[in-house]
Amino acid sequence: MVELYYLFINHMHQLFASKVHSVVQEIHAPIIDDAGVRLWIQREDLIHPTVSGNKFRKLKYNLLEAQRQGFTTVLTFGGAYSNHIAATAAAGQAIGLRTIGVIRGEELANDLANTLAQNPTLRFAQQCGMQFKFISRAAYKNKTTSEFLDHLVTEFGSFYSIPEGGTNALAVEGCTEILEPNNAYDVIACPVGTGGTIAGLITSSDTHQQVIGFPALKGDFLTTAIRPYVSKNNWYLETNYHFGGYGKINKVLIEFINSFYATHQIPLDPIYTGKMLYGLFDMIVKGVFQKNTRILAIHTGGLQGIAGMNQTIKKKGILPLINVGYES
């Protein structure tokens, strides 16, 4: 994974300086044909081998703004297997910014060498130069308070702060570039973590289009988080496919992801894109979409997490996810 990164390091400045266009692939399957609908996947995961999908979109204008303001350090937050942490470390190194990751789980620092040996996400981030600060889950809940941030400034010096998951106004601006102008789709679907990606899609969508978000987290509270960023009402969150909540998986989901890859050669992750595609297929079978509906699903990347998730899957006695070279 790290070797792949160095092959593309010189391309990051070029990618940030231009509008990136993603490959779109149509998916053919009997259940889709029987329902009389059409389904395409926009391969945001192919933008860059380590800063891919919505993480590239969210980081683009944030990192450009950090440089514009003269910052040399970027600090952000995340869990031990965070796609955002890995992407920030890689992007920061590529454009010459120091990166600091405030990681949830102080116990991870007790034996850092063992943590890094067992955790491919953190190991990759460290190899990209990221410095870690591990904090308790109780302290993590206060990470946005001025007192906590002041302590971080005292410890690390001046930094440009990016929130957990990367979602802020600049991230939404980056995500508005996902959709091509005047696209012909009736439905736009995407996974939802913190809400920045769907907010960008809603902003750039046409009013006649329906935008459906598939939250990785249990509950409908994300609606409140998304509304301040959007002015349209052509969207909703489909909350029936979280499989129990963030990071929760079962045999049915893993078998679907592996089968989808075997059939279409498109890898999905089990936190976000796997649940979205499972949900879309289930909705198609149930007749939720009218005939001739044209659906575009956004592949938001997140594939770096497959290696770590496979460790959990094996403990459950489930066959692992097909891993297409994302181990580090």
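Reply: Thr99 lies in strand β4, which covers residues 98–104; strands (E, at least two residues) and helices (H or I, at least four) are DSSP runs numbered from the N terminus. The model is a predicted one, in which local features need pLDDT of at least 70 and side-chain atom pairs count only at pLDDT 80 or more, whereas totals for chains, interfaces and linings use all residues. Residues are numbered from 1 along each chain as its sequence is written, and side-chain values use heavy atoms, with hydrogens and water left out.

With a relative accessibility of 2%, Thr99 counts as buried, a term that means under 20% relative accessible area, with exposed meaning over 50% and partly exposed the range in between (1.4 Å probe, protein chains only). If residues up to four places away in sequence are set aside, Thr99 touches Val74, Thr88, Ala89, Gly92, Gly129, Met130 and Gln131, where contact means heavy atoms within 4.5 Å. One of these, Thr88, is 11 residues from Thr99 in sequence, and the C-alpha atoms of the two are 7.3 Å apart.

The sheet that holds β4 is open and has four strands in the order β5-β4-β3-β6, with parallel pairing; two strands pair if DSSP finds at least two bridges between them. Its edges are β5 (131–135) and β6 (160–162), and each has a single partner strand, so one side of each lacks a neighbour in the sheet. From one strand to the next the twist averages 20°, and angles here run from 0 to 180 degrees between N-to-C directions of axes fitted as lines to C-alpha atoms, for helices over the stretch in contact. Between β4 and β5, which run parallel, there are five bridges, and Arg104 stands opposite Ile135 in β5. Helix α4 packs on this sheet and touches β3 (73–78) and β6, its direction making about 165° with that of β6.

Helix α4 spans residues 53–68 and includes Arg57, which counts as buried because its relative accessibility is 1%. The side chain of Arg57 reaches the backbone oxygen of Val20 at 3.3 Å, within the limit for a polar contact (N or O atoms within 3.5 Å; within protein, one must be able to donate a hydrogen and the other to accept it, and residues adjacent in sequence count only if both atoms are side-chain atoms). Beyond its neighbours within four places in sequence, Arg57 is in contact with Val20, Ser22, Glu44, Ile47, Ala171, Gly174, Cys175, Glu177 and Ile178.

Rings of Phe, Tyr and Trp (its six-membered ring) pair if their centres lie within 6.5 Å, and planes under 30 degrees apart count as stacked, over 60 as edge-to-face and the rest as tilted. Phe132 and Phe134 form a tilted pair, 5.6 Å centre to centre with 50° between the planes, and both of these residues are buried. Phe214 and Tyr241 have ring centres 6.2 Å apart and planes at 45°, so this pair is tilted. Phe214 sits in strand β8 and Tyr241 in the loop between β9 (235–237) and α13, 27 residues apart, so that the pair links distant parts of the chain. Phe214 and Tyr241 are both buried, and they belong to one aromatic cluster that also contains Phe243, Phe256, Phe260, Tyr278 and Phe281.

Strand β8 is part of another open sheet, of six strands in the order β1-β2-β10-β7-β8-β9 with mixed pairing. Its edge strands, β1 (24–27) and β9, each pair on one side only, and the twist averages 25° from one strand to the next. Four bridges join β1 to β2, which run antiparallel, and Ile27 stands opposite Leu39 in β2.
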